[in-house]
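The entries follow in the order in which I looked things up.

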Amino acid sequence: MSNPFSLQYGSAPKGDSCQGILGHALVALAFCIGISCFYGRLPANEPKSPSVSVSFVNDVMPVLTKAGCNSGVCHAKAVNGQNGFRLSLLGFEPQDDYVHLLKEGRGRRLSMASPASSLILSKASGQVPHRGGVRLSKESTEYATLLGWIRDGAKYDGPTATKLLSIQVQPDRGTLPPKSQQQLTAIAVYADGTQRDVTKLALFESNEKSMAEVSEHGLVQAMELPGRVSIMVRYQGLVSVYSASIPLGAMVDSIPASKGFIDDALFSNLKELGIPPSPICDDATFVRRVTLDVAGRLPTTQELDSVVGSTDPNKRDTFVAKLLQSSEYADFFANKWTAMLKNRRDDASDITSNFAFYSWVRDSLLQNKPYDQMVRELLAATGTVQSNPPVAWYKRVKEQKQQLEDVAQLFLGVRMQCAQCHHHPFEKWSQDDYYSFAAFFSQVGRKPTSTRGEDMIFHKRGIATAANIKTGTVLKPAALGTSIDSITADQDPRLHLANWMSDPKNPFFAKAVVNRYWKHFFRRGLIDPEDDIRDTNPPSNPELLAGLEKHFIASGFDLKELVRVIVTSNAYQLSSVPNQSNSADQQNYSRYYHKRLQAEVLLDSIDDVTGARTDFQNLPTGTRAVALPDNSYNNATPFLKVFGRPENESVCECERTQSSSLAQSLHLMNAGDVKAKLATAGGRADLMSKSQKPMEERVTELYRIAFGRSPSAAELSGAVDYLTEPSSADASGVSVGQPASPERFQDLIWALINTKEFLFNH
Amino acid sequence: MISSAQAKCPFIDHTRSRCIALSAMLLMWAAGPAILSAQSVCLPLPRLLTMMPMGGSVGSQVEIAITGEHLDEVKELLFNHPGIVAKAKQNDAGQIEPNKFLVQISADCPTGLYEARVLSRLGISSSRIFSVDTLLELKQTAPNTSLSTAMEIQVNSVTNSVMTARSIDFYRFMAQKGHRYVVECSSRGIDSKLDPVVIIADSQGRDLAVERRGDLLDFTASQDGPHLIKVHELTFKGGPAYFYRLHFQELAADSVLPRFASTRSVSAFSWPPTGLPAKAISAELEPNGVSVPQQIALPCDLSGSFYPAADVDVFEFSARKGETWWVEVASERLGRPTDPAILVQHVTGEPGKEQLVDVVELLDIPSPVKPSSNGYAYDGPAYDGGSPDILGKITLPQDGVYRLQLTDLFGGTRKDLRNEYRMIIRKAAPDFALAAWSLHMELRNGDRNALSKPLALRAGATVALEVVAVRRDGFDGDIQLQLNGLPNGVSAQGLKIPAGKSRGIMLVTAQYDAPVALANLDFVGSATIDNQLVSRQVQMADFAWPIPDSWGEIPAPRLVSGLPLSVTNHEPAPMSIAAQDRKVIEATAGSKVTIPLVLTKRMDFSGSTLQMKAFGDGMERLPPFNISLDAANSEAVIDLASLQLTPGEYSFAFYTGAVAKYRIKPDAPSQDTVEIVITEPISIRVKPMEPK
């Protein structure tokens, strides 16, 4: 489910389109908002100007924002706005907007001699052609506000206008039964103590439209999906959030025992919402699930036996401990991290740095280097790639703004990109915040090396600063609004940034990674998207997120412990099979949400089942796809591309495609590489056809390898029948081989790997 | 798929502002050479490339097999220490087995690294490192690229192995719980191309500890029983060039980690200053940071370490106005991956309220000549004589207290006590250090070559060594270059390093009738400093491997010991160019001098002209000129006025690149081979203009 608050690359959220807001102004006719106190009862067709002077900042700007004039697709479009008329995005820069209105366009946007003839009014009300359509009815109070302001001399009151302190939403939380409604009221609070009801001028947006929708007037309509939903209320650059829980209201009479704080928080939430959890999964399911999630591979039959056949009450925990000790854990998670750290092969000469960097990540995970230390070594890397591999990150991420944006998004879960050009529309981040953060990277010095495109990195002595490109203000380093103690010219500011990040009180650092890891195991982050942490995108289970954060910090930023505490919880071990009540649950983890195996894991799994091994150029035979150091193998292995292995170009995990597609189905069914694996000499089908074991044993072994379980009686008899039936031809007349021939086994394996049970972790 | 370029702000429509970017790389590629010829770069020279094993124990005899490039008719295997002697191996029938030698290492031969070379039909070869050790020497005798074929090794041994491409070598040893083991894989430091990854694993091959930076792996076993050492190349390359010596030792828990011998980088030629004691006089005393500076008196010579991470060592001293001190720091030149930086500040104000005013910041030692920038065209040698270390001057502006802050610009997050440094603050002791290497230059389709080049002269050849100087403590005078110990028929002339400059040339010419010879040369540079004639050894540098195209492989230059020279008459130099008259040419300042040149071709060449340039004594300013390839006689005209040559004697040479139709054997097909051609040195004595 996409989050409408999230930054979706390449398209603007619908809520910001001119069309989406078209009706806003039209319905405002009889509406009185904060400024309505200035008006008398207005004739239907000719609004009068207010009797009290109109504030440009507090009255005019909200009208322009609500009407959508300053949205990104209209007059706040990059560079020149729309047809030469430019406004700041969402009205964050009133002073600039005033200049644009009053002085640009040869001054014809405002007519002081004949205010009603002002282009701003005649265009917005459709009296003259306007490509954006009618934005304000001539009869509306908003129209009257603009007219009144012009009649009043179109003054700019930026320095003197009463300062808007906050925006409040009433109520700010509540419980919404399914299909119920709730009217929200937006209250603007000003520095002089006054308050205004600005509901009609505020913008409302739901973070989960499948759970609740909100009208432009703030009327919330709950849907049937249970869970927690938030409505963001925006007004004049400030935001507030209404949080609602939509209970399912079913009887929760059976809750698995709690194994710790995760279970406490998760099951408590389910109880509150009335969502009964699925039961704990069986041992075989758990072993397959956790092996895929922790080590990125299928379990061996020996591993299955070690748990399924054991009576040890701690057998699952013991198994998890072994997985975490394995190098496959490090391989799998290094694969995850290096993609986001952009370990990308652009040139043949990148190979050494890419291998070194991948290995550094992998070895750090293997030795369980504390996460804060790992990030510190990366952030403040100096030297050469050979002697200090995290330097390679600075080879891939060369520009200062790219560095700050990647660090903020990856390690802090904050998307700062917007604030480069304008105040963040959903958050408090300003351009000053952006460039103050950039200042941490202002003293990264570079010296060329003998490898083209590769530099040595060092701290370049000097006071770290960065200039706000809009205001020219020279800013010292500050970390997301937190000022940092004075950094001398000799001190590497990146070390100060690392200190700030690893401070146990840091509100972002631990939260970002525990949320990211939670998503790894549960498919959906407690905050989702996982790298968009902000007040207006609250967690679905705040207590659980806080518990994870606290536990992670207390463990000394121990990543293996983080994984352990998650996968040993009963919350993780719930069955993926929904019960009668929880099938609609998408965000409360009342069951395990199945996941399609990612490209590398799927390829390795097919290799494991077929007994083939994918050959990767210049790597040792037997190298698994999850252990590939960079993206350069994608081209030569179409399977990886088809199943969405990323090209390591983005810091966002969303670059990996996890959705299913027709191409994937066709590839699994028909592609030459898959067929070749099935027919590999000495492969599984070949060996099984030659085996002297009873056919039932052979089929059972296949099922255990592919699914981590034995076949049912029906599956077993069906498979044995097929394998042993006399020679026959398929529908097209092609012989399907002799009984128990390799071809028969190939067919059976082909059928197994094309099942959802195989393709998904469940 | 999301590219960073696509990751636009979703709140703003970028359609208007989006610009169409042209790919500069694509254009460059399209504009590149349309035809890549099969041309070779430089005439064959003998190169010793591999030895197996790569070392031996003190007091032992070891059988060594060699391979190399252009090693026809190998006669001898030579070492640069008299305690290591080789003789050709004979089979049971008394016949010599090609390329196999029995090497005797004397009992008194010190451990360390030595240079091995062979003498072949084409002369003396390039060098390969031979290690002398005290550990038990083992040799990989069968493939050990799987768990089941792991090679058994013992503690306190060194195994000589060659890495197979796309493979991991497995070694098995019996560990004892609580015992400490150290594994070191010598590779780059003994001329191998291997970037080693060393892993200690349990008996099933599961990784326990990993070292990927070519450093030691220090491991204490947590249980008894078989363990594995896995070795592979960082990017899984392999082949004969990827050899290694795997040191495996047991150490006491409190022992200091050993430091294994390694070849020295080219930058190290400028270290140590002449006469410097092996050990520093004093040492840093931690804590000596910003809040508690360490008091020192000048001059000083102290050692220290960039430890722990982001270490800042601060030293405080008193000085008088106008005093000048020279500061030299070595750390990178000691083989550490560091980048020292110094900041000197004047301390003012009351104690506890001090204010610091910057006086000087000292950073790198610049390369004496611009090194290659890895571009397509030749723009400098792939030798970098500079260093991240420090060699600079402090002039103190007033009487008072000063603080010198020493940091490692690469040390922000790294904690390694072995990142040592030595800092010397001294009164000016003018001096110089010299290094030389075989000349590389712009060559048609061969600009990016970085070849190891032994001084194996063909009869009639003139070769050039590029000599560079790091000047110390303000020394700014001429440096004369001289080769001693030349055999008969070989002459050498140094084109001096002029005052204030850092580059000179040494030309070595074998006369066409020079007898076959082998000699160890003594290469020195000399200068007058404080009215004293001072001579300094020139340290030679060479590439570990011949790299025809450094676009695909990064050259690995290093310092080499000794300078052997050979002359062969098996095949002549393809071309010789010399002034018709080898006497010093007399000329008057401001005049034009015509120098008749004689070109002797001994094989066919491509093209019809040669574009000649000059080097030596300011002649680099001479505009290039062409001579005919088809004429035996041509001439060079030098306008002394335009070159502004004042009265005096000038030595120089012309040089060019030519494409020879070279045949490796008389009956072999010819191969276009681009080669550097240098004239014999030419001297002009410029006399003052006679008064009118």
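**Entry 1**

A residue is buried if 20 or more other C-beta atoms lie within 10 Å of its own, exposed if 12 or fewer, and partly exposed in between, with C-beta atoms placed from the backbone. In soluble globular proteins, nonpolar side chains tend to be buried together.

I then listed the contacts of A:Ile566, leaving out residues up to four places away in sequence: A:Ile262, A:Tyr517, A:Trp518, A:Phe521 and A:Tyr572. Two residues are in contact if their C-beta atoms, placed from the backbone, lie within 7 Å.

**Entry 2. Basis and confidence**

I note that this is a predicted model, in which local features need pLDDT of at least 70 and side-chain atom pairs count only at pLDDT 80 or more, while totals for chains, interfaces and linings use all residues. Residues are numbered from 1 along each chain as its sequence is written, and chains are lettered from A and ligands numbered from 1 in the order in which they are written.

I checked chain A for pLDDT, the predictor's confidence in each residue from 0 to 100. Chain A averages 88, and 91% of the residues score at least 70. Over residues 1-51 of chain A the pLDDT is below 50, and this stretch has 114 contacts in the model beyond near neighbours in sequence.

**Entry 3. Strand 9 of chain A**

Strand 9 of chain A pairs antiparallel with strand 6 (residues 203-206) of chain A over four bridges, with A:Phe204 opposite A:Val233. Strand 9 of chain A also pairs antiparallel with strand 10 (residues 238-246) of chain A over nine bridges, with A:Ile231 opposite A:Tyr242. The hairpin of strands 9 and 10 of chain A has two residues between the strands, and A:Gln236 takes a positive phi near 50° there.

**Entry 4. Chain B overall**

I counted two helices and 50 strands in chain B. The radius of gyration of chain B, taken over C-alpha atoms, is 29 Å, close to the 26 Å that the globule rule (2.2 Å times the number of residues to the power 0.38) gives for 692 residues, so chain B is as compact as a globular protein of that length. Of its 692 residues, 45% count as buried.

**Entry 5. A sheet in chain B**

I traced an open sheet of five strands in chain B, with the order 12-14-19-16-17 and mixed pairing. Strand 12 (151-152) and strand 17 (207-211) of chain B stand at the edges with a single partner strand each, so one side of each has no neighbour in the sheet. Strand 16 (residues 196-201) of chain B runs antiparallel to strand 17 of chain B, joined by four bridges, and B:Ala201 stands opposite B:Asp207.

**Entry 6. Backbone exceptions in chain B**

Most residues other than glycine have a negative phi, and most peptide bonds are trans. I noted a cis peptide bond between B:Glu286 and B:Pro287, with omega about 0°, and another between B:Leu298 and B:Pro299, with omega about -5°. B:His70 has a positive phi near 60° and lies in the loop between strand 4 (61-69) and strand 5 (76-79) of chain B.

Technical notes. Two strands pair if DSSP finds at least two bridges between them.
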